[in-house]
Amino acid sequence: MTAIDAQSQPWWKRGVIYHCYVRSFLDSNGDGIGDLPGLTCKLDALRNGTPSSLGIEGLWLSPVYPSPNRDFGYDISDYRSIDPMYGTMEDFDRLVAGASARGIHLIMDLVVNHSSTEHAWFRQARTSRENPFHDYYLWSDGTNGKPPNNWGSSFGGSAWEWNEQTHEFYLHSFLKEQPDLNWRNHRLRKDIHDIMRFWMDRGVDGFRLDVANYYVKDAQLRGNSHEFVIAQPMPGNPSKTLFIPMSREVYDHTVDQPETHDALREMRGVIDEKPGRMMVGEIAQHTLDQVLSYYGDGQNELNLVFNFFFFVRRFRAKDFRDIIERTLDLLPEDAWPAWVLSSHDVIRAVSRYHCSPPMTKSMIGLLLTLKGTPFLYNGEELGLANTLLPRRLLQDPVAKRYWPLPVGRDGERTPMPWDATPNAGFTTGIPWLPVSAPAMSYSAESADPTSVLSFTRRLSWFRSHHSALNAGDMSIVAGPSDTCLCFTRRSSAEHLTITINLSDQTVAIPRGSFTSDQTPLFNTEEQPSMDSLAPWEVRIADTSA
Ligand code: NOJ
Ligand code: CA
């Protein structure tokens, strides 16, 4: 890509996108559950046109549609409405207006691999094989009362559930309350396109596509293969063999089917009906090639695809460099990366890597300076860690049913701490989960210029004013040591060099190198040394000359 200016960048390439788990953001009516009016009254903290806010470009809402909440909103019973728990359609319109007045673009979660069993489509579909909605879902007679194949639910157990009324099995890639939709049915596809238009007409700027690589399944229902990891030398005693009683399903006939790409190209057509709209897809896969294939040719499938590979690597310059380099190499021309460190499904990065506040700053420093769109999960700007919860307080029905406790998703979903009032200002009632780290808070970190929040705001503001960061090219260059990540960003207007010391050791800067003879434009240190980088230091230098 040639160097370009920020002005020609669409918003979803240009700025930070904030991931808001609405249920845990702010409760406006004391029922202990975050809601849309709560979020609306915090919009200024997200973007108020000054460096005292986060300065986000986009706001992705976790699902707020009516739902029986077997999977906290990822089981939708009506795609064209708002769950009363979160507010009304008028509340939603007020959120859209408030966001748009501040220049924030709104992204809805679109969960269309499956619906809820409570959706009117499924309630009809399951009544008879002749029902016009029967073909909106995936069915099989099975054999001798058994499921037709070995397909497993991603949450555990078989992916097939018996439906007594029609005497057949239906497919559910997740919970049995989340039946998979039949993407080979063209009426269903058209309904989904109309749902997208419905929200775009209401002012929504984009969609986050839940499990977008799952849509179409093998028509012949061929079984998936299984990989067995059965034997390895016992650590510490290699003469003995350790047997690991585990089989890993390879989803070769349930995910990544070629027809899924056709479906996404059609959806892209719908997105492109209105200027400035976008879709970002959740593709959790083992290889970068598989993940990046969802950009299509770079113009015709997903606008952005989450890059989750930081989740599974160590906090080392070498690991980050490897993922970044390979991503930039494999990305189709014109495609733009999307980086993620934390989400509502995985342990927060601060806990994953055991980050101290300075280490957190180096991590956020990396997220906000890479080429690509940074996705920031609510609380990440404070440096929030996961909350350790006693078993009796766990709420995630998926984890309670299938996963060994306490490994669940509640720890990364606890409510935001806003201030020093009871329940950290999240609710006047009883919070649905205990509030995260009440000792930390938005207001305390706002008042502290050395906090993670103040750092994140400062860097986000800096990023938005530097076309090299928000629009430019990127090249990894040799840094002063292996523990540093060093790269350049270049637009037509400027050339910046970013050096991040991803270690707790001071690193000497060799004489005569780019950073040795000028004051950095941006720095984590109040008084940066010309001869060395402090532990975890983030330094941005102007290297245009
Ligand atoms: C991915 C979502 O992020 C997760 O929370 C959900 O449980 C599954 N998809 C199923 O919809
Ligand atoms: Ca509420």
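Predicted model: local features only at pLDDT ≥ 70, side-chain atom pairs only at ≥ 80, totals over all residues.
1. **Helix α6, its length and ends.** Let's start with α6, which covers residues 186-201. From the first C-alpha to the last, its 16 residues reach 22 Å, close to the 22 Å expected at 1.5 Å a residue. After the helix comes Gly-203, and its phi is positive, near 105°.

2. **The buried face of α6.** Leu-188, Arg-189, Ile-192, His-193, Ile-195, Met-196, Trp-199 and Met-200 are buried in this helix. Looking down the axis of α6, these buried residues fall within an arc of 150°, so they line one face of the helix. His-186 and Asp-201, on the other side of α6, are exposed. The cover over the buried residues of α6 includes helices α4 (89-101), α5 (120-125) and α7 (258-271), together with strands β3 (105-110) and β7 (206-209).

3. **Helix α9.** Buried positions in α9 are Ala-317, Asp-319, Phe-320, Ile-323, Ile-324 and Thr-327. They pack against helices α8 (288-292) and α11 (357-369), and against strands β11 (304-307), β12 (338-340), β14 and β15.

4. **The sheet with β14 and β15.** Those last two strands belong to an open sheet of five, in the order β14-β15-β16-β20-β18, with antiparallel pairing. The strands at the edges are β14 (473-476) and β18 (522-523); each has a single partner strand, so one side of each is left without a neighbour in the sheet. Four bridges connect β14 with β15 (residues 484-490) in the antiparallel sense. Within that pair, Phe-487 of β15 is the residue that Ile-476 stands opposite.

5. **Strand β6 and its two partners.** β6 (residues 168-171) is covered on both faces: Glu-168 and Tyr-170 are buried on one side, Phe-169 and Leu-171 on the other. With β4 (residues 139-140), β6 runs antiparallel, joined by two bridges, and here Ser-140 stands opposite Phe-169. With β5 (residues 160-163), β6 pairs over four bridges, also in the antiparallel sense, and Glu-161 has Tyr-170 as its bridge partner. β5 and β6 make a hairpin with four residues between them, and His-167 in the turn has a positive phi of about 55°.

6. **The calcium site.** If you plan to inspect the calcium ion (ligand 2), its coordinating residues are Asp-27 (OD), Asn-29 (OD1), Asp-31 (OD), Ile-33 (O) and Asp-35 (OD), at 2.3 to 2.4 Å. Along the chain, the donors follow the spacing D-x1-N-x1-D-x1-I-x1-D. Two of these residues have contrasting surroundings. With 52% relative accessibility, Asn-29 counts as exposed, whereas Asp-35 is buried, at a relative accessible area of 2%.

7. **Arg-47 in a loop.** Arg-47 sits in the loop between α3 (43-46) and β2 (58-61), and at 22% relative accessibility it counts as partly exposed. Gly-58 is 11 residues away from Arg-47 along the chain, and their C-alpha atoms are separated by 9.8 Å. Neighbours within four places in sequence aside, Arg-47 touches Ser-53, Gly-55, Ile-56, Glu-57, Arg-102, Gly-103 and Ile-104. For Arg-102, the contact includes a polar one: the side chain of Arg-47 reaches the backbone oxygen of Arg-102 at 2.9 Å.

8. Thr-456 is buried, with a relative accessible area of 1%. Apart from neighbours within four places in sequence, its contacts are Leu-54, Ile-364, Leu-368, Leu-376 and Glu-381.

Definitions and conventions. Residues numbered from 1 in each chain as written. Chains lettered and ligands numbered in written order. Heavy atoms only, no water. Expected span 1.5 Å × (residues − 1). Buried < 20%, exposed > 50% of the residue type's maximum accessible area, 1.4 Å probe, protein only. Arc of directions from axis to C-beta. Contact = heavy atoms within 4.5 Å. Donors = N, O, S within 2.8 Å, 3.2 Å for Na, K, Ca; no water. Pairing = 2+ DSSP bridges. Polar contact = N/O pair within 3.5 Å; in protein donor to acceptor, adjacent residues only side chain to side chain.
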